[in-house]
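Subject: Structure handover

Hello,

Here is the structure I promised you. My notes on it follow below.

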Amino acid sequence: MSLIGKIVFVDVTAEWCVTCAANKALVLNDPHITKLLARPDVIAMKADWTMQDPRITHFLQDHGRYGIPFNII
């Protein structure tokens with residue numbers, strides 16, 4: 001799959017994160033947002049930090065973040 005011409009949306013979340021659950025319920029599950037994320041030119045990805053994967057930690061740090069939820073396009 002080519003990423004050329006695609007919009008990549010990353011949702012960094014964790015099962016234990018109460019704020020992440022609120023973000024999902026109030027924002028990411030909104031019908032307007034789910035419709036946007038389902039577009040063919042969008043690749044929606046989830047980074048599950050429940051087990052605090054060091055690759056996700058580095059991803060957060062590379063973007064100047066040290067906590068979740070974190071969403072980036």
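Start with Asp 30. A polar atom of the Asp 30 side chain sits 2.9 Å from the backbone nitrogen of His 32. For a polar contact I took a pair of N or O atoms within 3.5 Å; within protein, one must be able to donate a hydrogen and the other to accept it, and residues adjacent in sequence count only if both atoms are side-chain atoms.

Before you read on, two notes on method. This is a predicted model, in which local features need pLDDT of at least 70 and side-chain atom pairs count only at pLDDT 80 or more, while totals for chains, interfaces and linings use all residues. Residues are numbered from 1 along each chain as its sequence is written, and side-chain values use heavy atoms, with hydrogens and water left out.

Back to Asp 30. This residue lies in the loop between helix 1 (18-28) and helix 2 (31-37). Helices (H or I, at least four residues) and strands (E, at least two) are DSSP runs, numbered from the N terminus. Asp 30 counts as partly exposed because its relative accessibility is 32%. The cut-offs: buried is under 20% relative accessible area, exposed is over 50%, and partly exposed is in between (1.4 Å probe, protein chains only). Asp 30 and Trp 49 are 19 residues apart along the chain, and their C-alpha atoms are separated by 22 Å.

The disulfide

How many disulfides are there? The count is one, taking a disulfide as a pair of cysteine sulfur atoms within 2.5 Å. The partners are Cys 17 and Cys 20, with an S to S distance of 2.4 Å. The torsion about their S-S bond is about 80°, so the disulfide is right-handed. Cys 17 is buried, at 8% relative accessibility. Cys 20 is buried too, with a relative accessible area of 4%.

The aromatic pairs

A pair of aromatic rings is described by the distance of the centres and the angle of the planes. Here the count comes to two aromatic pairs. The rule: rings of Phe, Tyr and Trp (its six-membered ring) pair if their centres lie within 6.5 Å; planes under 30 degrees apart are stacked, over 60 edge-to-face, and the rest tilted.

Trp 16 is partly exposed at 46%, whereas Trp 49 is buried at 8%.

Phe 59 and Phe 70 also form a tilted pair, 6.4 Å centre to centre, with 55° between the planes. Phe 59 belongs to helix 3 and Phe 70 to strand 3 (residues 70-72), eleven residues apart. Phe 59 is partly exposed at 26%; Phe 70 is buried at 6%.

The whole chain

The chain has three helices and three strands. Along the sequence they follow the pattern β-α-α-β-α-β. The C-alpha trace spans about 30 × 25 × 20 Å along its principal axes. Of the 73 residues, 26% count as buried. Among contacts (heavy atoms within 4.5 Å) between residues at least 6 apart in sequence, 73% join residues at least 24 apart.

Best wishes
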